[in-house]
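Let's take a walk through this assembly together, starting where the chains meet. Have the structure open and follow along.

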Amino acid sequence: MTLTLLDELLLFSGATLLVALFIGRGLAAGWMVTILYGGQLLTLLKMAALGYGGGIIASSLSFTVMGQNLSWRFDALSWFFALITLGSALLSSWFACGAWERSYAKQGGNIWLFHLAMALNVLSMLILLASGDLLSLFIGWELVSWAGFLLMALAGGVATQAAMRYITYAMAGGMAIFGGLALVYSSSGSLQLDAVLIAVESMSTTKLWLLVILFGGGFGVKMGLLPFHLWQAPAYAETPGPGSAFLGAISSRMGLFAILLVLVKLFGIVNIDSLKIPFTLIDARDLLAWIAVFTIIFPTFTAMKQNDARHLLAWHGIGQGGYMLLGVVVADAMGGAGGLLHVFNHATYQAALFMAVTAVIHRTGTADLNKLGGLVVRMPLSFMVLLIGIIGLAGLPPMNGFVSKWLVYRSLLNEGMPLLFLAAVIGTLGTILSVYKLIHNIFLGQLRVEHEQVKEAPWSMMAPMLILAAIIFITGLFPGIPLAWVASVQEVVGLPATDYTLGGVESVSGSLDMIWVIGVLFAGFGIGAVIFYSAGRSKRVHQLDNYAGGHFLSADVRYQYSDNFYAGLMHLVGGWYRGSFLWLEKSVISLIDFLSLVMQGLYRRANAEFYLLSTALFVMAWVVI
Amino acid sequence: MAPLELLLELTLMPLVAFLVGMMMVLMMRRIAARIQRRVGPPLFQPLYDIVKLHSKQTQVSHGLIHDIGIVMAMGGYIAAETLLPVPGMNGIAEKGGIITLLYLMMIPSLGLALGVGQCANPNGSIGIARALTAMLAYDIPLVIVIFGVAYAAGTTNLVDIIAQQQAGGFATWGAVQMPLLAVAGLIAMHASLGKQPFEIYIAPAEIATGPMVEMSGKHLGGLFVMQCFQLYTISVLYVSLFLGGGSTWFDFLLKSFLVLAIPASIAYLFPRYRTEDLLRLMWKWPVMLGLIGVAFVL
Amino acid sequence: MSSINQIPVIEAKKGNPLARVFDELVRFCRSRSLFILHYCTGCGAIELPPAMTSRFDMERLGIQPMVSPRQADILLITGYVSIKTLKRVILTYEQMGSPKYVIGICSCTVNGGMYWQSYATAKKLDEYMPVDLYIAGCMPRPEAVIAGLQQLMDSIHAGKANSWEDYYRNYDYYLGNQQKLFGDNWQTPTDVIAEAKHYNLLSKGTLGVHTRLLEQHQQPLEALEMRLGHNLKEPTE
């Protein structure tokens, strides 16, 4: 039996897990695991043909359970997601090695468990991505859910609570998916993709509706789609630093992968489009699109109110997921490309941002936005990484986030969807507001006395951050590189492929060439610099030599604006934060509590007379009728 | 296009923008003066101010980011000008389109925000917080307007949008075809100028000119340069979207100055709104007009 | 032409002609663009609004009000300066960017005016900072203010309004007077001596007894330089 490349990859990943399990307590275990991730990435790169329109690589592992054939294979879609998974795993694990590990262990963290959880996550994600039929998809799904739980629960305390919340949601989602699978099986008699593809054509509208709701809801839980998003931010934020970089980068995108596989590839956007909601003008696709834009807006504006840098970023992670779904649901060449490209872009900047924040926590011990400030003079490289990351997150040129968002906007414009377009832009504006708060409160403004002696993050943490920053910029300059992969993914899932060039996209109705845009932008910066620096030499002054209406400033009085940052905005919209989703969650919980109490009551109160009477009545009624 | 010719265009476009922008600054100050029954500044006053600020002996800087922020504020607009077609010169307008232009116009604000941030002055930070809030306010109607225009034209390419308007003379102008969007755009444009009654983030009596509080010498000079570009960009963008661009330079400049004269004549009659009132105003009237306008376009 | 001194003598111009034109341009622009910071301490402030608004309109001379000391060229002090206020005036003056000019309006800044007998008033402003121009009167009319400003513009254009350099050259004298009023512990956040070195204006009068007294207790606020810190050793925990 010859091993295919996919076998090699999965075996490699399994070996990484074993190394983390057995010699993970040893010296330099972190470095070893990191190198193994690098090896996995290399194996994946050997499959690079997949990303450029190559065929399918199957695993030689397959078996039959109860008449169901389970198989695993890689195509362009899997390859694209696996690339992001392994890339973020490699860099997060690298980030964790060395200084971070030591301080984590010193604070009582279990570094062995951390590496083990990471390796398990990666393996289970690869298994999920390789799934060749719906049953293996479900198995992979559950593996990913539980592996994620392990990583989230590591830190204990608040983190465990958040992880418990997550697993509750994930289990409910799993149930929905299982229900969907049963329904699919009942109508097609098989869980093979080909069989399902045929069965979908003859399905009744009601059934298709039910399937869209079950699968969409189930996968949507992982993606943090409204209204199932509440678990995500605390769970990701409370994970140990590099873990949250990894989870934030890729974990919830597994939901998008499954949506692409099941809803887009199997059911087809056309079929979803034909599902009308009675008595309204909208159909299932519009419904998904609106869920996507609300997923953009609400979490983004929730992020703006956060006072903890990690929570702020985690909330944005939910919001950015909305752009991906929105692009995919619009489903023309540009929209699909935008949505898929955003998966890649989001992974790069989200990982960079979480790492930068973790570096700040490593040096100062806090992520509280009201307890930091002015760190740019002490941690300039971290500042740069965070700056590049937030420009990407906000989707401004010259970083990569701009390209994917541009594609999404462009598709909404082409399709004539003004309200969705507007909502997507509101999300972006909200993002700009909240990321400025992030960078201002950490790195700008007044440096606190206790941070006078803070130093830049150690190189073991700095190197992966800088690599990510470079990737963010380079894929912004040459978006054609990831767009090539994206185009083959589009072909695989049955969306029209985009017409890309190295610098962007070509289109009759307005193209984008980032090489020119960035070239001109930097030329503009150059001219600006010439104008600026041609004037006299600057004299640097201390931060306390500052305008305060004639007041003498001293270091013991904070001269910084950080709390309630957008006070004017909050005067207007503050009252709109009602916590409706929290209320919804609470009411569901209390409903379930109540039902279980009723059941318990019935079960406990073994009232024989009552049962006898009701049975007799029932029998009599049956006889009479 | 010959590379040399393109290079010439890319150099000339920001230069023209700067010169015209200075005249626009002068016009705004003159209009303000006339409304207040004053004489107003002399012809070259904007130039005097910029030269003076750049030649100050003391150039107080709060650090590298303070400097870079100003460079970004100027550079972002210099880059944006090359995406904005003028008569006879298209620059790289076809390679970016209007959405890119809109986003490039946010780069200067971001640069300024970073620069102000390092000044460690809460007045400045409050100013930036308000400026970003104002951006959230006026960008929503602006985006609706741009959506409507781009959808009606079927392209995001500004060159095509202008060509389509010029094809049928006055009757095919955006302002004639889509009057509601034109009005909404005018209000949004006024707010994006940051003049009264929308100057919440300058607010001299309240937060000591906000972002500019710690700016001296060449830093302030850079902001003056940026203001020239800002006025030019906003008015030319409006002219390109609604008034058919310019077929000749005379035509083009006349329209740009006239467009800018409208908010300038209104601005100095009013005091300042509070932040939430600005948001309320912007999210109500121009958005409503814009959405109705878009509904007509669709 | 009665006296020999009144015969104009054209001095031979030296140096690079381009640089001369450039210097002339800079001087001209400086004189035609003046941002004022009005430190309104007393009743003289009431004369400034008419000078700015429709009747007299300072803006036609290129003069406009600004808000923070960093932006301003002229510090207008319009009335009596109490000792408490003077501290703020000095802080404001030191935060302004040079070339900077100080104008004292009203008699109070000249000699204390009607507050001559007050224990809490600094009498002569030019003991504490170099004053370019006094506009005397109680209070001077806007015409006088405008005339004074025009005189200042002329001397800036002629390159004679250099009194800001005097603050660096004779810092010891000004500091001595300040210390006499505020006590030996007096200190501003601005490091004037370092600035004097920065502008090459360090001279005989910059350092002296008083600056030595300052250096004894001064905690100099050096700019927070950007640093990586990798070359430092890890702190031993």
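Two residues count as being in contact if their C-beta atoms, placed from the backbone, lie within 7 Å. Keep in mind, too, that what you see is a predicted model, with an ipTM of 0.91 and a pTM of 0.90.

With that cut-off in hand, turn to where chains A and B meet: 60 residues of chain A and 72 residues of chain B take part in the contact. On the chain A side, at least two residues each come from α18 (400-415), α19 (418-443), β5 (512-513), α22 (514-534), β6 (539-540) and α23 (567-573). The biggest giver is α22(A), which supplies 12 residues to this side.

Now zoom in on β6(A), which pairs with strand β1 (residues 60-61) of chain B. The two strands run in the parallel sense, and two bridges join them.

How far can you trust chain C itself? Its average pLDDT is 83, and 90% of the residues score at least 70. Residues 230-237 of chain C, however, have a pLDDT below 50, and this stretch makes two contacts in the model beyond near neighbours in sequence. Where pLDDT is low, the predicted coordinates should not be read in detail.

Note on methods:
Residues are numbered from 1 along each chain as its sequence is written. Chains are lettered from A and ligands numbered from 1 in the order in which they are written. This is a predicted model: local features need pLDDT of at least 70, side-chain atom pairs count only at pLDDT 80 or more; totals for chains, interfaces and linings use all residues. Helices (H or I, at least four residues) and strands (E, at least two) are DSSP runs, numbered from the N terminus. Two strands pair if DSSP finds at least two bridges between them. pLDDT is the predictor's confidence in each residue, from 0 to 100.
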